[in-house]
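Biologist: I would like to learn how to read the packing and the voids in a structure such as this one. Please take me through the features in turn.

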Amino acid sequence: MELSNLQDFFEKTAFPNRKNEAWRFSDFNFWNVENLRKYAALTPKDNACKCKPRELLNGFDTTSFDAVLRINCGDISFEKSADFFKVENLESAGCAKFYEYPQGLGAFGELSCKVSKDCANLIKISLNANASGKICIISECAHSGLQGFGMLVDALENSNFELYFLDAVCDDTFYFKNVFCNLHEGASLNFSSLNLSKADSPRYETYRAVLAQNAKFIHTHIESGFAHTRNETFIELAGEGAAADFRVLLNCRHNARHDLKTSQVHSSKGASSNLEVRAILSEDAEADFIGSISVCKEAQQTQAYQSCKALQLSENSRLQSLPILEIEANDVNCSHGCAVAGPNEDELFYMRSRGLDSESSRTILVGGFARGILEQIHEENFVSFALDSLSI
């Protein structure tokens with residue numbers, strides 16, 4: 001987008017039902033059009049940066065996966081392919097619904113759609129009906145400026161898949177990512193995503209999932225970078241008996257701010273959803289969480305829960321948590337909880353008394369706290385990689 005059009009774009013894009021969208025962001029000095037202009041003014045590079053996040057991804061072992069895709073700033077290559085799924089250009093597939101959610105999120109959402117289109121970095125992955133498999137996607141972006149990526153995952157009837165997405169961004173890149181998971185009747189998708197970012201490369205991401213009757217969706221998301229991030233996730237349980245389990249691990253360090261906004265929307269009866277957020281807070285970092293549960297009148301016999309826990313490793317770190325429950329049905333079981341605590345001194349003393357130094361004791365404590373989020377991930381290699389990323 002041209003610099004001259006950026007200010008005009010933000011002024012003309014209305015945020016639904018709000019005077020402006022600034023209330024959603026924890027750091028107003030960062031999430032604004034002036035900061036975006038700095039990135040938009042950068043000249044794209046040749047993607048040759050050898051940053052630590054990219055080096056880590058290149059060392060990830062992919063031998064246990066049935067299929068492996070690599071994405072390098074829009075260039076897609078198959079390291080290993082399989083016949084149980086199909087990859088195609090999203091624009092060619094004509095999926096207009098892909099943009100419905102981010103376009104309703106104000107200027108940043110609208111901009112994320114435009115940047116992804118301009119970068120021509122949009123794919124659709126179709127998972128065959130009655131099939132199963134394990135897919136790994138490794139994405140790298142070090143192009144500088146405003147960059148974007150979009151992915152639609154269409155899980156057809158009674159499919160059963162595990163999808164692993166590892167993403168590294170660096171070299172002064174402002175990265176926009178939109179992901180839409182559409183689960184048909186009886187489909188099951190276990191989606192694990194891991195983000196790595198240098199401090200100079202912030203992220204704005206949207207995730208949307210729509211579940212049909214008896215569909216099952218598990219999403220484990222790990223944010224383990226050094227940059228500011230904003231994640232907006234919308235999960236709609238549209239079919240009877242649908243089930244969603246969304247788990248988020250925020251590794252908050254240095255002076256980064258991680259904004260997380262989630263929506264669990266129940267529009268059909270007999271569905272269940274669970275949200276668990278865990279934040280590791282160190283140095284001057286901050287995490288801001290807004291989580292809503294919406295249950296419409298027809299969604300009787302709903303089970304919905306959300307939890308937010310934080311391990312505070314520094315007195316200068318901060319967590320803000322805001323649960324929102326909007327319930328119109330009268331036969332439901334919905335609840336929420338939040339807890340913030342520092343390291344357990346008795347546990348630290350016990351480990352030190354067994355010969356471990358302070359740093360090793362803290363690493364073990366952080367790893368134990370994080371593993372509670374990772375227990376739905378079946379690929380142990382991915383779990384080990386995620387835990388290692390907490391201390392890079």
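**Cavities, cores and a hairpin**

Modeller: Strand 8 supplies the largest share of the lining of the second largest cavity, three residues. Keep in mind that this is a predicted model.

Biologist: Which residues line the second largest cavity?

Modeller: The lining consists of Phe98, Tyr101, Pro102, Asn178, Val179, Phe180, Thr206 and Arg208. Helix 5 (100–103), strand 8 and strand 10 are the elements that each give two or more residues to it. Sorted by class, five of the lining residues are nonpolar, two polar and one charged. The volume is about 30 Å³.

Biologist: How many cavities of 30 Å³ or more does a search of the whole structure find?

Modeller: The search finds two. For the largest cavity, the volume is about 50 Å³.

Biologist: What lines the largest cavity?

Modeller: A cavity is a space where a 1.4 Å probe fits but cannot get out. Here the lining is made up of Val179, Cys181, Phe191, Tyr207, Arg208, Ala209, Phe217, His219, Thr233, Phe234 and Ile235. Eight of the lining residues are nonpolar, two are polar and one is charged.

Biologist: Now the core. Which members of the largest nonpolar core touch the most other members?

Modeller: A nonpolar core joins buried residues through side-chain atoms within 4.5 Å. The largest one here has 54 residues, and Ile135, Met151, Leu189, Phe191 and Leu211 touch the most other members. Strand 13 (residues 243–252) contributes the most to this core, with five residues.

Biologist: What is Leu211 in contact with, leaving aside its neighbours within four places in sequence?

Modeller: With those neighbours set aside, Leu211 contacts Leu183, Phe217, Ile235, Glu236, Leu237, Ala238, Gly239, Ala242, Ala243 and Ala244. There is also a second, separate core of 28 residues, with Phe60, Phe65, Phe385 and Leu390 among its members.

Biologist: Last, the hairpin. In which sense do strand 1 and strand 2 pair, parallel or antiparallel?

Modeller: Strand 1 (residues 67–72) and strand 2 (residues 75–80) are antiparallel, paired over five bridges. Within this pairing, Arg70 is opposite Ser77 of strand 2.

Biologist: Which residue takes a positive phi in the hairpin?

Modeller: Cys73 does, with phi near 50 degrees; the hairpin has two residues between the strands.

Key:
Residues are numbered from 1 along each chain as its sequence is written. This is a predicted model: local features need pLDDT of at least 70, side-chain atom pairs count only at pLDDT 80 or more; totals for chains, interfaces and linings use all residues. Side-chain values use heavy atoms; hydrogens and water are left out. Buried means under 20% relative accessible area, exposed over 50%, partly exposed in between (1.4 Å probe, protein chains only). Helices (H or I, at least four residues) and strands (E, at least two) are DSSP runs, numbered from the N terminus. Contact means heavy atoms within 4.5 Å. On a 1 Å grid over the protein atoms alone, a cavity is a set of points where a 1.4 Å probe fits but cannot get out, and a pocket is an open set with protein on both sides within 12 Å along at least five of seven lines; lining residues have an atom within 4 Å of a point. Grid points are joined across faces, edges and corners, and a volume is the space filled by probe spheres set on the points. Ala, Val, Leu, Ile, Met, Phe, Trp, Tyr, Cys and Pro count as nonpolar, Asp, Glu, Lys and Arg as charged, and the others, Gly among them, as polar. Two strands pair if DSSP finds at least two bridges between them.
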